[in-house]
Amino acid sequence: MDSRPNEAAGTPVDVRQWAVSLFDTLREQSFDGIGISRESYGPSETRGMETLAQAAHAFGLEIATDAAANIIVTLPGQDRNAPAIACGSHIDSVPQGGNFDGAAGVVAGLMALVRAKQEGPVPPRDIKVFMLRGEESAWFGRAYVGSSAMFGVFDPKDLDLRNRNTDRPLRDYMAEAGADVERIAAGEKLIARDELACFFELHIEQGPVMIARKVPVGLVTGIRGNIRHPKVVCKGEAAHAGAVPRWLRHDAVFAMSELVTRLDQHWISLMEQGEDLVLTLGIVGTNPAEHAMSRVPGEIGFSLEFRSQAESTLQFFGEIIEEEMANVGRTRGVSFDLGPAMPTAPAKTDPALVDLLAVQCEKAGIRYERLPSGAGHDAAVFANAGIPTAMIFVRNDHGSHNPNEAMDFDDFFMGAEVLYKALMNAPEALP
């Protein structure tokens, strides 16, 4: 992907057509036969980031790579020392995912920089696009690797997390991608808080709300935090399926099932009280080397994650989980081991920036709605680092984390227009 011939001829590039071609190239590079697979800190993520960086460089934009292997694209401003206006998202995907999750935010940001450079004048301060590494947790069980490493809040123990396919540690993948693992392990901040004035992230909506309400653009009011336990284990006692009566069994599968039923009842109760909460057990299985139709399972492993916009709800539900595990353990004669927790704090978007986005929607005649984000995003890391942050959602059919993502380009271009106007007018909304 090289736009240099158009630049050299002095002919402005149609940034919309350019953006579609970028998406097409990303799809061609990372199609896995079913969906899109861009592995966190793997060759496919690297290839996608380099493709976009080369396309941006063709317009004379500055390209830099930080010690976490994130790529930062910059349109220089008049005052290079002033805090920059920033946007961005991630490039990686879940296995057999879609082409727009994450990439839409990066492409929209690059569109804004190219358009600003073509239309002029030089902006008052730098405008940056962050291509962030390792946002998805699917590959190593840890989300926001690149952004949290950038702000020095990455837990060094997570460098030893293993890739789902190869069992190799994250530290090896990061080193191969060009990251300085020693600096990350030391918790060194790769960017200072005062280097950025604000941060915007455009992202496809990953649920059905905007499709149901027929709204093309969403303005995010807050981002759910989560607590993840990737490797929960319930241990009972293996036994003969026909020879052991119910009252003498220590069945791990029935124990886990009872736990899930109890937690579901608590979930319903909390929702009825107006609390925000979602609960998921996404991975469940007995040991394939041991399970059999004629065997009472003595052990089962599962993942457990719960999300909320309120830190207090996360803490409270975590206590409920431990209490119910103890209760089921006593009645079923089993034990539960939650394993390590991977918490991510909830985040609030900046009201002034959300209002700025609303004004830009209204000026452009774009229908919008304010709504919370149920999914996590790199924007939460920026917000919790003290940087004023806002998010734009683009309507997307069939949800996300699957190959059937169906973002309509007309909706995308509306979201990209709002992002462009926000980047150009952000100083007005800042203190």
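Thr280 is partly exposed, with a relative accessible area of 37% (buried means under 20%, exposed over 50%, partly exposed in between, using a 1.4 Å probe and protein chains only). This is a predicted model, where local features need pLDDT of at least 70, side-chain atom pairs count only at pLDDT 80 or more, and totals for chains, interfaces and linings use all residues. Residues are numbered from 1 along each chain as its sequence is written, and side-chain values use heavy atoms, leaving out hydrogens and water.

**Around Thr280**
- You'll find Thr280 in strand E9 (residues 278–280); helices (H or I, at least four residues) and strands (E, at least two) are DSSP runs, numbered from the N terminus.
- Leaving aside neighbours within four places in sequence, Thr280 touches Ser303, Leu304 and Glu305, where contact means heavy atoms within 4.5 Å.
- Arg228 is 52 residues away along the chain, with 9.6 Å between its C-alpha atom and that of Thr280.

- Strand E3 (residues 84–90) is largely enclosed by the rest of the structure, because 7 of its 7 residues are buried.
- In a regular strand, side chains alternate between the two faces of the sheet.
- Both faces of E3 are covered, with Ala84, Ala86, Gly88 and His90 buried on one side and Ile85, Cys87 and Ser89 buried on the other.
- E3 pairs in the parallel sense with strand E5 (residues 196–204) over 4 bridges, and Cys87 sits opposite Phe200 there; pairing takes at least two DSSP bridges between two strands.
- With strand E4 (residues 127–132), E3 also pairs in the parallel sense, over 6 bridges, and His90 has Leu132 as its bridge partner.

**Helices H2 and H4**
- The axes of H2 (residues 15–30) and H4 (residues 103–119) come within 10 Å and cross at roughly 145 degrees; axes are lines fitted to C-alpha atoms, for helices over the stretch in contact, with angles from 0 to 180 degrees between N-to-C directions.
- Residues making this contact include Trp18 and Phe23 of H2, and Met111 and Arg115 of H4.

- Most residues other than glycine have a negative phi, and most peptide bonds are trans.
- The peptide bond from Gly120 to Pro121 is cis, with omega near -5 degrees, and Pro121 lies in the loop between H4 and E4.
- Tyr41 has a positive phi, near 60 degrees, and is buried at 3% relative accessibility.
- His401 also has a positive phi, of about 60 degrees, but is partly exposed at 40%.
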